[in-house]
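The sequence and the structure are shown first.

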Amino acid sequence: MAEPFDEPIYSKRLSPHRSMTPRAFYLFILAYCIAQGLFALPFLFMGAWPVAGFMGLDALALFIAFRLSFRDARAYETVDVTPVELVFAKVGAGGWRREWRFNPAWVRLEQKVHEEFGTQSVALVFRGETVEVGSFLGPDQKAELARDLTHALATAKRGPRFS
């Protein structure tokens, strides 16, 4: 049986949004290269082969940009709240990990809300240190995160419940 101190109140893994799956990416690149090849053919027949070469470089640059975007999508953040501890961790695309541990009774949630654009940032503040959470999320997701974290922190501040 788990101790009341160890029972998670809130646990969330935050990841950057990528609208294209790897399969869709390869289909897109294939279609793009075929289209570039078709557009390059007239230039080849006219003897302007450097134009065709630059069109190939264009396709290569697009491929590299998407690969870098998919690599960056491996980054994520985790937020875990128990009655005695809030653990926030950032994991980079390269695998490095940075972790912060807070006492939920003393941590404060700070959010900046723009009247027109919605929630701009959500941060944990503890002893003068500010750590932004979910910087890659959109305004609606940040608002939902702030609402959920506020509820979790309020629950943690009430303390553990014993049966």
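## Aromatic pairs

F126 is buried (under 20% relative accessible area, where exposed means over 50% and partly exposed in between, with a 1.4 Å probe and protein chains only), its relative accessible area being 14%. The model is a predicted one, in which local features need pLDDT of at least 70 and side-chain atom pairs count only at pLDDT 80 or more, while totals for chains, interfaces and linings use all residues. Residues are numbered from 1 along each chain as its sequence is written, and side-chain values use heavy atoms, with hydrogens and water left out.

Rings of Phe, Tyr and Trp (its six-membered ring) pair if their centres lie within 6.5 Å, and planes under 30 degrees apart count as stacked, over 60 as edge-to-face and the rest as tilted. This rule gives eight aromatic pairs, including the two tabulated here.

| Pair | Centre distance | Plane angle | Class |
|---|---|---|---|
| F25 and Y26 | 4.9 Å | 55° | tilted |
| F102 and F126 | 5.6 Å | 70° | edge-to-face |

F102 lies in strand β4 (residues 97-102) and F126 in strand β6 (residues 118-126), so their pair ties together parts that are 24 residues apart in sequence; strands are DSSP runs (E, at least two residues), numbered from the N terminus. F102 is buried as well, at a relative accessible area of 3%.

In the other pair, F25 is buried at 0% relative accessibility, whereas Y26, at 44%, is partly exposed. Both belong to one aromatic cluster, formed by F25, Y26, F28, Y32, F63, F66 and F70.

Conventions:
Helices (H or I, at least four residues) and strands (E, at least two) are DSSP runs, numbered from the N terminus.
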